Amino acid sequence: MSNISYVRTEMLQEKAPPVTQTGIVKWVRENLFSSVSNSVLTLLALWLLYTLLSHVLPWVFQSSWSANSLTECRSAIAAAYGEGTHGACWAVIRERFFQLIYGFYPPELYWRPNLAFILMLVALAPVLFDKLPRKMLWFSAVYPFLCFWLLWGGSIWLPLSIVAGFVLGGFAFKLIGAQFGNLFATIGAFLVPILWWMFAASPVASGIHSAIPLGLEAVESAKFGGFLLSILIGITGIVLSLPIGILLALGRQSDLLIVKAICVGFIEFIRGVPLITLLFVASVLLNYFLPPGTNFDLILRVVIMVTLFASAYMAEVIRGGLAALPKGQYEGADSLGLDFWQSTRLIIMPQALKISIPSIVSTFIGLFKDTTLVSIIGLFDPIGLSTNIRADSAWNGIIWELYGFIAIVFFIFCFSMSRYSMYLENKLKTGH
């Protein structure tokens, strides 16, 4: 007699989900062909992408890497791929690669910028990633002076005398603060290093060097160029503009009338003047305001102007982060009995910086790309060098290969900064 029941007595075997509901097919259906309009736009985008790649890829790969001139390059492409073939002449990158990277820096001294770049990564590592030992921050603080000495060479006592200015500023802050309060201590901490650098640093360094000559072969600033120059100006501006921008943002919100007026005036003036104008001031006009016979390095002048320009924009970015904080955060800091600097360092500024991360990184990326403007004042950054290379009769007429290579390198740096920004945002995300 058969057993018939209305309730199943055994489990059915699991079945695979429908093909349209899993994997790549599901993603394509939901994201590319979810509706008629979306399907039309997808097909149009695929057609445009195909049209673009069908022209670009043959030009990129049907190319020559072993020519000594544009004429030889075109002849080699025609011989390899047929008459009328248009291909890239990457030979110019191969031949002028070191010039695009180092400018006119002496080839036998390439180890110095290479070492400076490697040490820069080491110095940035503890700043960017908090899991690394905090003791490495001491090297991060020393690195700018070490980099200066490696790239420019000369006496080692000059960067050490500059470091001595910061040490004297710290002593001045403690000594004056104990007698007259924080306001006069802060003023003294600024004035003492400036006076030391203006009147004593160079003579002291020269005197010590005459007794103990230690140093590297000096390299003129005129020999700097290529991506070495862009990275030098960009990284220096990025590193210095953030702390200066924070101080300017705090000064703009200060209750001290003079401090607030100075910060507001500086920010509004710098933001109201194009960067190229400031670069012309650094290149031409600044010498008129210096004592006769003063030799103020052009790259140093450009670095100062770029840093001040970025600091003004950074100050407004930080001020936006400070304005976004609720009033309760300030009141909470006051209720804990913290003074202004303690509450700013421990409570207010970390939250303001977290809010401002996207805008801060956008300012950094814009600053790094703006380093190409220095070609207008005669410095040989990658754009300036590309013009110089194209002026050579052997490569006269070549354009896209040089600009394409420069664009790729800039993209690598800028894309890396944007990826780190996203990593930092996700790491500091505390929920909604």
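The bend at a residue is the angle between two axes, one fitted to the seven residues ending there and the other to the seven starting there. In the predicted model described here, helix H2 has a kink of about 25°, and this kink is centred on Leu53.

Three residues of H2, namely Asn38, Ser39 and Thr42, are buried, that is, they have under 20% relative accessible area. The cover over the buried residues of H2 includes helix H1, which spans residues 23-31.

The protein as a whole contains 16 helices and two strands. Its radius of gyration is 29 Å, whereas the globule rule gives 22 Å for 432 residues; the value is well over that figure, so the protein is more spread out than a compact globule. Along the principal axes, the C-alpha atoms fill a box of roughly 105 × 75 × 40 Å.

Of the 432 residues, 34% count as buried. Contacts in the protein were also examined by separation along the sequence. Among those between residues at least 6 apart, 72% join residues at least 24 apart.

Conventions. Residues are numbered from 1 along each chain as its sequence is written. This is a predicted model: local features need pLDDT of at least 70, side-chain atom pairs count only at pLDDT 80 or more; totals for chains, interfaces and linings use all residues. Side-chain values use heavy atoms; hydrogens and water are left out. Helices (H or I, at least four residues) and strands (E, at least two) are DSSP runs, numbered from the N terminus. Buried means under 20% relative accessible area, exposed over 50%, partly exposed in between (1.4 Å probe, protein chains only). Contact means heavy atoms within 4.5 Å. The radius of gyration is taken over C-alpha atoms; the globule rule is 2.2 Å times the number of residues to the power 0.38.
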